[in-house]
2 protein chains.
Amino acid sequence: MIPREKRINLLKVIAHPIRIKILEDLTQGVRCVSDFEDSLEISQPNVSQHLTLLRTNGIIDFFVDGRLKCYFLKEPFIPDLLQLLKKDYEEDVPTPPCCPVTKKGTYPGERRR
Amino acid sequence: MIPREKRINLLKVIAHPIRIKILEDLTQGVRCVSDFEDSLEISQPNVSQHLTLLRTNGIIDFFVDGRLKCYFLKEPFIPDLLQLLKKDYEEDVPTPPCCPVTKKGTYPGERRR
DNA sequence: TAATAATATTTGAATACTTTTATATAATAC
DNA sequence: GTATTATATAAAAGTATTCAAATATTATTA
């Protein structure tokens, strides 16, 4: 997969409320599966499935301590994305010249109107 | 929808190769539907469907010039996201202390091992 | 007004994603 | 060794996305 597609695929994997929460937790440090069972309110298998998806996509990894699996962040794109998700914007992108009521304006290119 | 969910939903809508391409084109300026039919190689109805999805989610809007619909970017989160998508990272997030071979380490919390 | 051009909508089929339920595995404790 | 705990996997059911095909709409041109 070329880097562009890979990055877009990451977006798709990440764009889920539970998985965003998991990743936010992981930016705070190592977490084991049962930590997530507590903090997210979903079943153990479902936690495991989300973690597996994140792991098979190279976003997280784990180490083992006894019977605990300790997950941690691996993909450096994630912290930047999570921060951007929280950014506030005051204004929309400025509108190109057109009438706000009739929504009429002039196409800047070369096609037949 | 609370802002957090709204933003996550934006991510989900955006996370598609065609729609990313559409948005990249729109960061360059106004485009009409047939511009996209040329630059993306997909059918006219499909272009229209993607544009409708982006529009109903408040990401883009359009003005009218004759029978052309001229689309433009509205959501200010988009340019930042597109830029982040292109960012290069040299290294993974640093691994917490654990053996790289056996993948054994110590859970930092309070649970039974 | 009829024909054409630009775009949108609808429907359906295929596919992908998500969650639930049940079961499996592997490590520790007894 | 048996029971228990932590986690994973599999199968099935439900839900959502995607795209293609056909049709509709609207503005312009002839």
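1. The model is predicted: local features need pLDDT of at least 70, side-chain atom pairs count only at pLDDT 80 or more, and totals for chains, interfaces and linings use all residues. Residues are numbered from 1 along each chain as its sequence is written, with chains lettered from A and ligands numbered from 1 in the order in which they are written.

2. Chain A has five helices and three strands, in the order α-α-β-α-α-β-β-α from the N terminus. Its radius of gyration (over C-alpha atoms) is 21 Å, well over the 13 Å that the globule rule gives for 113 residues, so chain A is more spread out than a compact globule. The rule is 2.2 Å times the number of residues to the power 0.38. Helices (H or I, at least four residues) and strands (E, at least two) are DSSP runs, numbered from the N terminus.

3. In chain B, an open sheet of three strands has the order 1-3-2 with antiparallel pairing; a pair needs at least two DSSP bridges. Strand 1 (31-32) and strand 2 (60-65) of chain B are at the edges with a single partner strand each, so one side of each lacks a neighbour in the sheet. Two bridges join strand 1 to strand 3 (68-73) of chain B, and R31(B) stands opposite Y71(B).

4. Around DNA strand D there are 25 residues, of which C32(A), V33(A), S34(A), P45(A) and G66(B) come nearest; near means a C-beta atom, placed from the backbone, within 6 Å. Helix 4 of chain A supplies the largest share of this surface, six residues.
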